[in-house]
Amino acid sequence: MISVITGASAGIGEAAAVKLAGQGQQVVLVGRNPAKLAGVADRVKAVSGSLPDILSCDYTSLEDVRKLASELRSRYERIDILVNNAGVMTTARTLTPDGHETMIQVNHLAPFLLTNLLLDRVTGRVITTSSRAARMGRINPADLNRSRRWWSGWLQYGDSKQANALFTVELARRLSGTGVSATCFHPGVIKTEFAPRTFTMWMAKNIPGMGQTAEEGASTLVHLATHPDGAAHPGRYFARSVPESVPRGMTDPDLARALWDASAETVA
Ligand SMILES: NC(=O)c1ccc[n+]([C@@H]2O[C@H](COP(=O)([O-])OP(=O)(O)OC[C@H]3O[C@@H](n4cnc5c(N)ncnc54)[C@H](OP(=O)(O)O)[C@@H]3O)[C@@H](O)[C@H]2O)c1
């Protein structure tokens with residue numbers, strides 16, 4: 001079983017990679033920092049007995065994403081599970097060299113592009129790390145960068161995570177009948193390197209009982225990768241390893257299609 005995991009250099013992705021490797025899966029670690037990936041590879045070897053492949057890719061470059069897809073295609077005839085987990089939250093508004101707002105590119109456009117470039121090689125499941133922040137998302141397919149609307153870091157992060165949920169809905173529709181499923185999930189409030197210097201993460205790390213460990217954050221991901229639930233609920237958003245009811249903005253099929261079309265045009 002080959003699982004490609006993005007954002008595997010830290011936090012939830014690292015914890016999931018170690019757990020899945022310990023259960024016998026062949027994990028492929030994707031991140032942007034080779035030194036951090038090498039450290040995770042050592043942890044994987046300690047539980048599995050063999051060093052995993054590592055691949056570097058910076059999601060702020062769509063060209064880098066295309067190179068990653070090409071490298072994965074040359075190395076693997078099939079990918080059983082693709083885990084789109086890499087993500088970022090930043091309070092500063094920045095643009096990538098491609099000209100897109102950083103969170104919408106790293107959290108949505110880059111995994112959208114990677115998934116599309118690999119889809120014919122994926123045989124089992126596509127799992128995307130969304131967030132409860134998706135509930136407050138107000139994504140506008142005509143304004144993915146929020147350049148024409150009020151901008152705040154958390155609002156834009158919410159849009160990007162709503163995009164993960166809508167991407168999952170439309171991907172599941174497109175994959176219907178193929179045997180490949182798509183799900184997404186909220187990991188919890190997890191004490192990782194995520195959202196540094198924000199009050200939310202300061203509270204998670206300093207108020208007893210508020211934040212959970214990376215291993216706890218990875219548990220729903222591992223569930224979706226290994227349990228029949230991961231195939232039985234296409235298009236659904238999970239939290240605490242069960243499908244959860246979510247606002248219409250995270251499931252609306254028309255919005256999901258409009259977002260898909262706008263994203264395809266943006267990364268073309
Ligand atoms: N922590 C939470 O409370 C929480 C809650 C809800 C959802 N999430 C989601 O969970 C996912 C994993 O986050 P985490 O909590 O594990 O945070 P993390 O420890 O910061 O890990 C994020 C991962 O994404 C990678 N990444 C960030 N920017 C990237 C870029 N430009 N190109 C390629 N990779 C990049 C990071 O690489 P580096 O190691 O090089 O930085 C790291 O591997 C994210 O999608 C996040 O939105 C987290």
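A: First a definition: helices (H or I, at least four residues) and strands (E, at least two) are DSSP runs, numbered from the N terminus. This is a predicted model, where local features need pLDDT of at least 70, side-chain atom pairs count only at pLDDT 80 or more, and totals for chains, interfaces and linings use all residues. Residues are numbered from 1 along each chain as its sequence is written.

Q: Switching to H4, how many of its residues are buried?
A: 13 of 17, so H4 is mostly covered; buried means 20 or more other C-beta atoms within 10 Å of a residue's own, exposed 12 or fewer, and partly exposed in between, with C-beta atoms placed from the backbone.

Q: Where does H4 bend?
A: At Leu109, by about 35 degrees, and Pro111 follows within four residues. The bend is the angle between axes fitted to the seven residues ending there and the seven starting there.

Q: What about Ala258, where is that?
A: In helix H9 (residues 253-267). Ala258 is partly exposed because 17 other C-beta atoms lie within 10 Å.

Q: How far apart are Ala258 and Gly87 in space?
A: 22 Å, C-alpha to C-alpha, and 171 residues in sequence.
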